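Please read this briefing alongside the sequence and the model. The notes are grouped by topic, beginning with a single residue and its surroundings and ending with the chain as a whole.

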Amino acid sequence: MGSVPLFSSPNAGSVTTGGNLWRSKHSTKNIYYASLQHKRKTRIEYNLLRSQQSSLNHQYKCNEGGPTYKESNIKYVVKAAPAPSGSESLASSPKNIFDSVKNFLVILYYFCYPYSMIARTLCTISASFLAVEKLSDISPLFFVGLLQVLVAHFFMDLYINGVNQVFDLEIDKINKPYLPLPSGKLSFTNGVFIVVSSAVLSFWLSSIIGSRPLIWSLILCFLPWTGYSVNVPMLRWKRYPLIAAMLMFSSWAIIFPITFFLHMQTFVFKRPAIFPRSLIVTVVFLSLYSIGIALSKDIPDVEGDKKFGIHSFSARLGQKQVFWICVSLFEMAFGVALLAGVTSSACLWMKIVTGLGNAVLASILWYQTQYVDLTSPASTRSFYMLIWKLLYAAYFLLAFIR
């Protein structure tokens with residue numbers, strides 16, 4: 001006999017079905033609201049994008065004057081502009097122009113051996129002051145005459161030092177690789193152009209000035225120093241140490257001081273040519289000092305000179321022997337200037353300055369000799385630069401000797 005449930009109802013199935021229907025409707029309603037919210041959000045974003053695009057199109061139209069395009073058909077074309085050339089970049093940037101000029105001047109500075117140009121400039125000033133007899137001689141006329149020599153000889157110095165570097169290119173790659181030509185900072189073609197144009201400018205200026213002592217000074221510098229450097233048959237005199245020393249002696253001890261003095265004495269002041277005691281002292285001092293420079297300049301370059309067949313005194317006699325010969329010559333030169341200073345006809349304070357000054361220079365030179373390492377090119381080159389600096393100071397003292 002089948003059992004009957006105690007709590008049975010004929011509507012139980014309908015209740016279950018109704019609950020499922022209610023949940024289905026509730027879920028559909030949620031999906032509807034979610035879809036509606038998503039559409040609303042999408043519509044807002046679309047309107048925002050439209051507004052931004054419209055603003056962009058309007059801006060493009062205002063700037064370019066072109067038509068307004070539909071958002072769905074917009075194309076962007078990117079045109080590559082060529083990079084500015086070097087000249088355009090320099091023209092548009094004053095800083096670049098300044099840097100280029102600065103770099104060129106630095107290269108030119110090392111191309112012209114500045115230590116020798118400074119010494120020659122000071123020689124010009126010192127020798128010109130020897131022609132001053134009274135305080136009124138130091139006038140604008142004096143400075144114009146001084147400037148005439150300085151400018152003309154600046155270009156001649158540039159030629160002399162430049163032509164030496166042009167023909168010593170291979171040697172300098174060993175001895176002096178830091179110079180503009182062997183280091184590649186200055187091209188060979190530009191170096192030759194600077195050398196030739198400097199010689200032309202020097203003679204052109206002297207012809208305009210019209211001073212005979214100045215013209216002869218330039219000629220007597222141009223001819224021998226061209227023969228010293230140019231590598232052609234019968235020339236290249238730097239291979240012969242005696243001739244090289246004679247060129248250094250004649251230029252620094254005779255040509256420079258005498259022609260500079262005569263330019264100021266005869267051309268500027270219109271006075272007869274004379275050779276005062278002060279000029280003779282200068283010539284004697286520079287005779288000893290210039291020979292010492294001629295010998296000492298090859299001490300750091302022995303390696304390269306031997307390789308290229310340049311038999312300098314340092315390569316033949318040895319660096320040590322040549323070094324002490326040079327020191328003796330320098331000390332003798334300072335001794336001559338000291339004696340000439342203390343026996344000068346000038347006032348007492350000038351005697352004290354010249355005498356004491358030369359004694360100090362001689363002491364500095366002797367003191368520095370103990371620190372020179374003859375096996376080190378850097379050390380010997382540093383000593384070589386020292387003797388030029390001492391010469392700078394000596395030129396100042398020579399101008400006071402009377």
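T259 touches P213, S217 and I254, not counting residues up to four places away in sequence, where contact means heavy atoms within 4.5 Å. This is a predicted model, in which local features need pLDDT of at least 70 and side-chain atom pairs count only at pLDDT 80 or more, while totals for chains, interfaces and linings use all residues. Residues are numbered from 1 along each chain as its sequence is written, and side-chain values use heavy atoms, with hydrogens and water left out.

- T259 is placed in helix 10, which covers residues 241-268; helices here are DSSP runs of H or I with at least four residues, strands are runs of E with at least two, and both are numbered from the N terminus.
- With a relative accessible area of 10%, T259 is buried, a class that means under 20% relative accessible area, whereas exposed means over 50% and partly exposed lies in between (1.4 Å probe, protein chains only).
- The side chain of T259 also makes a polar contact with the side chain of S217, at 3.3 Å; a polar contact is a pair of N or O atoms within 3.5 Å, and within protein one must be able to donate a hydrogen and the other to accept it, with residues adjacent in sequence counting only if both atoms are side-chain atoms.
- S251 is likewise found in helix 10, and this residue counts as buried because its relative accessibility is 1%.
- When residues up to four places away in sequence are not counted, S251 touches W225, F256 and P257.

**Helix 8: A199**

- A199 lies in helix 8, which is made up of residues 188-209, and counts as buried at 10% relative accessibility.
- Leaving aside neighbours within four places in sequence, A199 is in contact with Y159 and F222.
- A199 and H153 are 46 residues apart in sequence, and their C-alpha atoms are 9.7 Å apart in space.

**Salt bridges**

- The structure holds seven salt bridges, each defined as a side-chain nitrogen of Lys or Arg within 4 Å of a carboxyl oxygen of Asp or Glu.
- One of them joins D157 and R120, with the closest N and O atoms 2.6 Å apart.
- This pair links distant parts of the chain, since D157 is in helix 5 (residues 140-167) and R120 in helix 4 (residues 114-129), 37 residues apart.
- Both D157 and R120 are buried.
- R271 forms a salt bridge with E133, the closest N and O atoms being 3.7 Å apart.
- Because R271 lies in the loop between helix 10 and helix 11 (277-296) and E133 in the loop between helix 4 and helix 5, the pair ties together parts that are 138 residues apart in sequence.
- R271 counts as buried at 17% relative accessibility, whereas E133 is exposed, with a relative accessible area of 54%.
- The side chains of K134 and D137 also meet in a salt bridge, at 3.5 Å from N to O; K134 is partly exposed at 44% relative accessible area, while D137 is buried at 6%.
- E133, K134, D137 and R271 are linked in a network of salt bridges.

**Cysteines**

- A search of the whole structure finds zero disulfides, a disulfide being a pair of cysteine sulfur atoms within 2.5 Å.
- C221 counts as buried at 1% relative accessibility, and C326 counts as buried at 1% as well.

- L348, I352, L356, V360 and I364 form a nonpolar patch on the surface, with about 460 Å² of accessible area together.
- Patches are made of residues with over 30% relative accessible area and no salt bridge, with like charges joined within 9 Å and nonpolar side chains (Val, Leu, Ile, Met, Phe, Trp, Tyr) within 5 Å.

**The chain as a whole**

- The protein chain has 16 helices and zero strands, and of its 402 residues, 42% count as buried.
- Among contacts in the protein chain with a separation of 6 or more, 73% are accounted for by residues 24 or more positions apart.
- The accessible surface of the protein chain comes to about 23500 Å², of which 67% belongs to carbon and sulfur atoms; accessible areas come from the Shrake-Rupley method with a 1.4 Å probe, and for residues only the protein chains shown count as cover.
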